[in-house]
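Here is a short briefing to read alongside the model. Have a look at the fold first, and then we can walk through it together.

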Amino acid sequence: MKKKLALGTTVVAVLAAGTFGAVSANASAPAAAPAAVVKADAGNDNLFQTNHLTVEAATDAAEAVLDAAAKENQRVSVAVVDRNGNTLVTLRGDGAGPQSYESAVKKAFTAVSWNAPTSELVKRLEQAPNLKDIPGTLFLGGGAPVTAKGGPIAGIGVAGAPSGDLDEKFARAGVAELAK
């Protein structure tokens, strides 16, 4: 049986003795674009472009955090999340506490969500204590946003040092690595 399809593709199917045989497709003519396709270009007012951190850059930043912490004999975990709060990289440093892994992710998410260091966000809790109730957030020092072209593109969260100030210092080392 031969059947000519509307898009110019010929399909051959064989049916013999109740079993299916070979099916072959030949795309001899180019398929026409569907009529509902929207032209996606920079001039389209319905679209906008965003910047994203690569996994390689996120890994470099995370390693810079662990190096900075090691220089001060601190055992921490680090997380780097993208603009949408999705985890790109999480590294648990040697000897870091079990709670540090999840805390680092939440601090990174919090920093990118508000495009502010988490130490500054802690101060906002005085005026809006319900902020802490937002799922996935952690309002403790140790999170730093990463920006490019005026907008947030990632967050770096660090947990495990004896203070949020130290965690945030190490997070800033990761941000500095990305600025190189």
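Nine of the nine residues of β7, which spans residues 151–159, are buried, so the strand is largely enclosed by the rest of the structure.

**The fold as a whole**

- The protein has four helices and seven strands, and along the sequence these follow the pattern β-β-β-α-β-β-α-α-β-β-α.
- Of the 180 residues in the protein, 34% are buried.
- If you take the contacts between residues at least 6 apart in sequence, 54% of them join residues at least 24 apart.

**Strand β7 and its partners**

- Strand β4 (residues 77–82) pairs with β7 in the antiparallel sense, over six bridges.
- Within that pairing, alanine 79 has glycine 157 of β7 as its bridge partner.
- Strand β6 (residues 143–148) also pairs with β7 in the antiparallel sense, over six bridges.
- Here valine 146 has alanine 154 of β7 as its bridge partner.
- β6 and β7 form a hairpin with two residues between the strands, and lysine 149 in this hairpin takes a positive phi near 55°.

- Is valine 158 buried or exposed? Its relative accessible area is 0%, so valine 158 is buried.
- Valine 158 and valine 76 are 82 residues apart in sequence, yet their C-alpha atoms are 6.6 Å apart in space.
- Beyond four places in sequence, valine 158 touches residues including Val65, Val76, Ser77 and Val78.
- The contacts of valine 158 also include Ala104, Lys107, Gly142, Asp167, Phe170 and Ala171.

**Serine 77, in β4**

- Serine 77 belongs to strand β4, and with a relative accessibility of 0% it counts as buried.
- Which side chain makes a polar contact with the side chain of serine 77? The partner is the side chain of serine 100, at 2.8 Å.
- Serine 77 is in contact with Gly157, Val158 and Ala159, among others beyond four places in sequence.
- Other contacts of serine 77 include Leu91, Arg92, Gly93, Ala96, Ser100, Tyr101 and Ala104.

**Threonine 118, in helix α3**

- Threonine 118 is found in helix α3, which covers residues 118–124.
- The relative accessibility of threonine 118 is 0%, so this residue counts as buried.
- Leaving out residues up to four places away in sequence, threonine 118 touches Lys107, Thr110, Ala111, Leu138, Leu140, Gly141, Gly142, Gly143 and Glu168.
- Lys107 and Gly142 are among the residues touched by threonine 118, and both are also among those touched by valine 158.

**Confidence in the model**

- Over residues 1–25, pLDDT stays under 50.
- For residues 1–25 the model has 35 contacts beyond four places in sequence.
- Where pLDDT is low, the predicted coordinates should not be read in detail.

Notes: Residues numbered from 1 in each chain as written. Predicted model: local features only at pLDDT ≥ 70, side-chain atom pairs only at ≥ 80, totals over all residues. Heavy atoms only, no water. Buried < 20%, exposed > 50% of the residue type's maximum accessible area, 1.4 Å probe, protein only. Pairing = 2+ DSSP bridges. Contact = heavy atoms within 4.5 Å. Polar contact = N/O pair within 3.5 Å; in protein donor to acceptor, adjacent residues only side chain to side chain. pLDDT = per-residue confidence, 0-100.
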